[in-house]
Amino acid sequence: MSAIDSIPFFIPEILLLIGAFAVLFADFFVTNKKLIGITGLVILVATACLARLPAEPQALFSGFFQLDAFTHFFRYAALGIVGVTILTSLSYARMPKAYQSEYYSLFLFMAFGLILMSAATNLLMIFLAVEFVSIVSYLLVGFLKDDPGSKEASAKYLLFGSLASAIMLFGMSLLFGATGSLDLDVIRAQLAGSGFADLGLISLMLILVGLGFKISMAPFHMWAPDVYQGAPTPVTAFLTVGPKALGFAVLIRVLAGSFDHLYSHWSSLIFVLSILTMTIGNVVAIAQNNIKRLLAYSSIAQAGYILMGIVAFSDTGLRAVLIYLIAYAFTNLGAFVVVIAVSNRFQSDELESYSGLGRRAPLLAASLTIFLLSLAGMPPFAGFIGKFYVFTSALEAGFVSIAVVAALNSAVAAYYYFRVIRQMYLVPASDEDPISPSFSLALALCLMLIGTIALGIFPGPLLGFISQIVPL
Amino acid sequence: MTELTFIAQLGIYAMMFVVLAAAVAAVTLRNLFHCALALAGVLIGVAGMYLAMHAEFLAMVQILIYVGAVMTLIIFAIMLTQRLGAGDVAQNNKQSLFGAVAAAGFVVTLGGILWKTPWPVKEEAVTSSFSASDLGESLMTTYVLPFEIIAIVLFAVLIGAIVVARKDAPKGAEQ
Amino acid sequence: MIIPLEHILMFSTLLFAIGVYGTLVRRNLIGILISIELILNAVNVNLVAFSRTTALSPDTGQIFTFFVIALAAAAAAVGLAIVLALYRTSRTIFTD
């Protein structure tokens, strides 16, 4: 479909872009910067309201933006994740005062980039969207003024990220050479020819370097703890869910769109990487005393669990991945809201500042307990639903060993989650002043709690939506 | 004609060799400024490769943007962050040997696969002519979405880079 | 094409490997950025070579190359902005 005909379908994204520019230029006219943030939220909500799913999958802009149910699902996910991040940033104590409108504007651009990632079925668009999201992330990580940790984290993120993207690009160029086209469908058709299996596999491995970096899959996870620790906490919250979820979206598109006939070759590779990821994440998390690093390693391990659904690669497996991503998004964002509330009060992310939270801020402590239990996979929370489906898909596909390893890993993870809960309830606090979070943090907390509990008790509607998306 | 072709081939192989030598220099030299100059050599050599592959407009773009803008940026950054007298600090860490072995192993593996793959070379691709105006037409019709998006990317990156690199405003200017 | 495709691919693979070696062993941030530029140039050489020989339509590879050049320039700009900011706050740009 040509560009002019595609515009009616693209209106939500155009609104998002105009909103991003408006937020940026509002800095000249508006003195209360929080209003700018709230405007950003309004734009995100308006975009979500305008988003429509057409009856047939449409290949907009000559095939560069695929509008189907998969994209529609991730549109809402991206807008929601960025929305919650902006909501929590509104009351982040260390926000640089002079650059707030640039911050909100960059997040709106980021939302646009995330939607592009989900809609990309062409190697050029995948690269463009992934780089867009990555480069804006490097900038957002380095946003704190005069904080060497933030700049170092940004530098580390940039170096790892650029290297991973460059390696992925080399793999893409080989794929382009073997098949003559950048479209995933044409690539699949051409790769099925004889003689290309070796090349297909090695280019897949190179592409996995880049995508594995985005989803913090081992052995490309090493940037995550330092970057998550150094970044401003709302940005950390965003990074643990946003690029990860969309990275999985791109991974599913690439694997299902071009490499499904090579499944027997790459399934064992992803199998090993999944086990490696969850084990490394969980084992190293045990020793952490900083809540941001602990949640960072925890999120690495969660990527390992999600990869089980990819190893299974059945309809159940891919549905499990999608539902796990939503459950994980609600849970992790909620946990970080509590982290921001505590760090606003104590300027510290060490576990000691959480002692006695049960007495000082009972609602915050209870919420964090719920989120940690959800991450551990306990019913009746959202994390249980995600884990249940991922385990089921692995067992159905016959991968019993990976399910066993994942179960053992979940037990190990429960140990460090309970360590935090114990710190909150059983360790006495140094002082007894109450902590009261601000309105926007409280609102974000409520939304995430509702999502985590509702998804755990009533997963039906979401499951219904997801079963329309897969089979792709 | 065959002599000319042979001389052209010899020239291109010589250029490839020079580019690879400059690349090795760019990753091993101790003085960072010399590395940057070696990188400029690599970039110009790659522009020459584009000329050898009949991508003339791309060669011009490579020189304008890479050698013109990106090299200037890199040299600026080197000037601003180095004390130029400190040229004898070790530039490579302890993993040099492991890195070299790993890279060599990778080249052998990938090279073997690339040599054996039956690349579907198409006659019409080899003999087609593709001018700058065809390029412009493609960019404006088929590739218009990536084109607009790269404009947005560059804008967002510009804003963000200014915020990250900027010196803080003096105290009185805070709102 | 005067040079066979396989020779150009060997060249770009070597350039790629030199770039990856550089990113693994360099201690200086700008040195690592220089090595990443080598990798991106190797990719571009690949793309142009393929667009001249195996591509289904002759513009695809060259246009992809344009986008790679543009994004590489953007990433270099961001990298150098971060290097400047880092130098200002910690007075060093060594990665260890």
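1. Basis. This is a predicted model, in which local features need pLDDT of at least 70 and side-chain atom pairs count only at pLDDT 80 or more, while totals for chains, interfaces and linings use all residues. Residues are numbered from 1 along each chain as its sequence is written, chains are lettered from A and ligands numbered from 1 in the order in which they are written, and side-chain values use heavy atoms, without hydrogens and water.

2. Fold of chain C. Chain C has 3 helices and 0 strands. Helices are DSSP runs of H or I with at least four residues, strands are runs of E with at least two, and both are numbered from the N terminus. The pattern along the sequence is α-α-α. The radius of gyration is 16 Å, well over the 12 Å that the globule rule gives for 96 residues, so chain C is more spread out than a compact globule. That radius is taken over C-alpha atoms, and the rule is 2.2 Å times the number of residues to the power 0.38. The C-alpha trace of chain C spans about 50 × 25 × 15 Å along its principal axes.

3. Burial and surface of chain C. Of its 96 residues, 78% count as buried. Buried means under 20% relative accessible area, exposed over 50%, and partly exposed in between, with a 1.4 Å probe and protein chains only. Chain C exposes about 2,000 Å², and carbon and sulfur atoms supply 64% of that area. Areas come from the Shrake-Rupley method with a 1.4 Å probe; for residues, only the protein chains shown count as cover.

4. Contacts in chain C. Take contacts with a separation of 6 or more: residues 24 or more positions apart account for 61% of them. A contact means heavy atoms within 4.5 Å.

5. Chain B. This chain has 7 helices and 0 strands. Of its 175 residues, 40% count as buried. Its accessible surface comes to about 9,400 Å², with 72% belonging to carbon and sulfur atoms.

6. Confidence in chain B. The average pLDDT (the predictor's confidence in each residue, from 0 to 100) is 85, and 88% of the residues score at least 70.

7. Thr369(A) sits in helix 16 (residues 362–376). Thr369(A) counts as buried at 13% relative accessibility. Outside four places in sequence, Thr369(A) touches Ile421(A), Met424(A) and Tyr425(A). Ser393(A) belongs to helix 17 (residues 382–396) of chain A and is buried at 0% relative accessibility. Leaving aside neighbours within four places, the contacts of Ser393(A) include Gly309(A), Ala312(A) and Thr316(A).

8. Backbone points to check. The peptide bond from Ala218(A) to Pro219(A) is cis, with omega near -5 degrees. The bond from Pro379(A) to Pro380(A) is also cis, with omega near 0 degrees; Pro380(A) lies in the loop between helix 16 and helix 17 of chain A. Phe61(A) has a positive phi, near 50 degrees, and is buried at 8%. His54(B) has phi near 65 degrees and is partly exposed at 37%.
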